[in-house]
Protein chains: 2
Amino acid sequence: MTPNKELQESRMRGYFIESTREILKGEGLKALNVRAVAERAGYSYATLYNYFKDLNELVFICVNDFMIECESFVEDHTREYQPGRQRLKQRMIALIRYFTQYPGIFELFYLERMNSLGSQHPTAAAIYRFTDSLSEADLAAMVSGSITDKETAENIRLSLRNAATGMLLFYMNRMQPDGYKAFMETAERQLDFILGRDQA
Amino acid sequence: MTPNKELQESRMRGYFIESTREILKGEGLKALNVRAVAERAGYSYATLYNYFKDLNELVFICVNDFMIECESFVEDHTREYQPGRQRLKQRMIALIRYFTQYPGIFELFYLERMNSLGSQHPTAAAIYRFTDSLSEADLAAMVSGSITDKETAENIRLSLRNAATGMLLFYMNRMQPDGYKAFMETAERQLDFILGRDQA
DNA sequence: TTAATATAATTAACAATGTTAATAAAATTA
DNA sequence: TAATTTTATTAACATTGTTAATTATATTAA
């Protein structure tokens with residue numbers, strides 16, 4: 001019987017990745033450390049280093065997973081809409097919902113640790129383009145449907161990105177506006193303001 | 001001769017505060033630690049604890065100093081303008097300039113460490129209101145001059161705050177858009193978009 | 001002025017965390 | 001089954017924040 005080394009290794013990696021995911025989703029970055037990850041995975045802290053270069057590697061893997069997860073979440077919540085302005089708004093709302101549900105993931109994406117590694121890291125670049133990738137299709141539809149011109153679409157793209165991350169940053173870091181409901185109402189008003197009123 | 005205890009203590013505090021300011025402005029948060037602050041101040045690391053509760057206290061003092069400094073910077077750069085939309089735009093540009101000049105201060109204001117302390121801390125609240133306080137007067141002027149209605153002014157206020165912090169966040173963390181000049185052009189376009197074209 | 005006391009500063013030490021080196025355990029092969 | 005390779009664990013080190021113990025300095029009372 002020839003042991004399947006690759007399968008074994010991939011399982012081991014999986015245990016640590018799953019453990020990291022759970023901590024990040026549950027308690028957030030502050031609670032993440034090598035010993036906590038290893039303990040939850042059922043191994044000693046040093047074992048982790050047999051499968052990953054360092055803790056950051058694990059974090060990056062999770063960031064990529066979360067991006068995919070968030071994208072699916074947004075997709076699932078906007079299936080009934082046609083590409084265009086209304087769907088774009090709903091997509092942004094879904095994005096905001098996802099992050100308020102998992103504040104630790106937002107923190108991970110836009111704050112702290114990303115800092116520690118250089119900006120050229122592919123994961124950092126992917127995060128940078130993340131909200132853009134979510135708005136891309138709808139903006140294209142709006143342009144081709146002559147609802148907006150190209151330049152405005154570009155401004156909307158940037159404004160949406162800043163509005164989403166900005167509002168979440170302030171909401172989570174300083175808990176303002178106070179309470180989820182008030183926050184979502186403000187968010188919706190902001191989105192309407194950026195996306196403009198009916199005009200086509 | 002009766003020694004002036006208060007003067008002595010205030011001088012000592014000053015040495016540590018100045019040291020902290022220099023490190024934050026120069027090398028940023030990552031380089032800030034108790035031993036570095038104390039060494040630059042010319043004392044042992046433990047001496048710091050005779051004058052400050054902990055490193056965070058020192059950081060908060062600096063945050064407040066930097067807010068005042070930034071406010072003066074903005075004021076100095078917009079003296080020639082009348083209150084209103086044009087000045088508001090210039091004020092935002094000045095704000096962005098200040099933070100690009102001192103990335104460490106931006107990082108300090110909006111990222112990392114603020115996290116570590118609760119959101120109820122008065123310094124956190126002051127940061128939250130910081131951009132609002134800069135835009136307040138001009139927005140009021142725009143409303144009273146019937147250039148915008150109250151609701152729009154409120155939307156502009158939020159959008160400006162998000163745009164400023166959002167663009168800086170992306171620029172500094174991921175160095176995008178590439179280069180200072182391109183960044184400032186994008187920033188100006190964004191501000192124009194948010195503030196709206198001539199309409200009064 | 002000098003001994004006693006209070007104040008202030010320093011070194012030693014501890015805890016938490018990331019990481020690596022040395023050792024032990026387990027699995028594989030000859 | 002012994003030798004070897006692979007994998008996992010414990011020990012250990014570095015960094016950082018913080019506190020305790022110790023030493024040095026300044027102040028006060030005789």
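Of the atoms of DNA strand D within 4 Å of the protein, what percentage belongs to sugar or phosphate? The share is 55%, and the rest belong to bases.

This is a predicted model, in which local features need pLDDT of at least 70, side-chain atom pairs count only at pLDDT 80 or more, and totals for chains, interfaces and linings use all residues. Residues are numbered from 1 along each chain as its sequence is written, chains are lettered from A and ligands numbered from 1 in the order in which they are written, and side-chain values use heavy atoms, without hydrogens and water.

**View 1. Protein surroundings of DNA strand D.** DNA strand D is surrounded by 20 residues, each with a heavy atom within 4 Å of the strand. The closest are A:Ser44, A:Thr47, A:Tyr51, B:Asn33 and B:Val34. By class, this surface has twelve nonpolar, four polar and four charged residues; Tyr counts as nonpolar and Gly as polar.

**View 2. Phosphate oxygens of DNA strand D and their polar contacts (pairs of N or O atoms within 3.5 Å).** A:Thr47 places a polar side-chain atom 2.6 Å from a phosphate oxygen of DNA strand D. B:Tyr49 has a polar side-chain atom 3.0 Å from a phosphate oxygen of DNA strand D.

**View 3. Burial in chain A.** Of the 200 residues in chain A, 50% are buried, that is, under 20% relative accessible area with a 1.4 Å probe, protein chains only.

Notes. A polar contact is a pair of N or O atoms within 3.5 Å; within protein, one must be able to donate a hydrogen and the other to accept it, and residues adjacent in sequence count only if both atoms are side-chain atoms.
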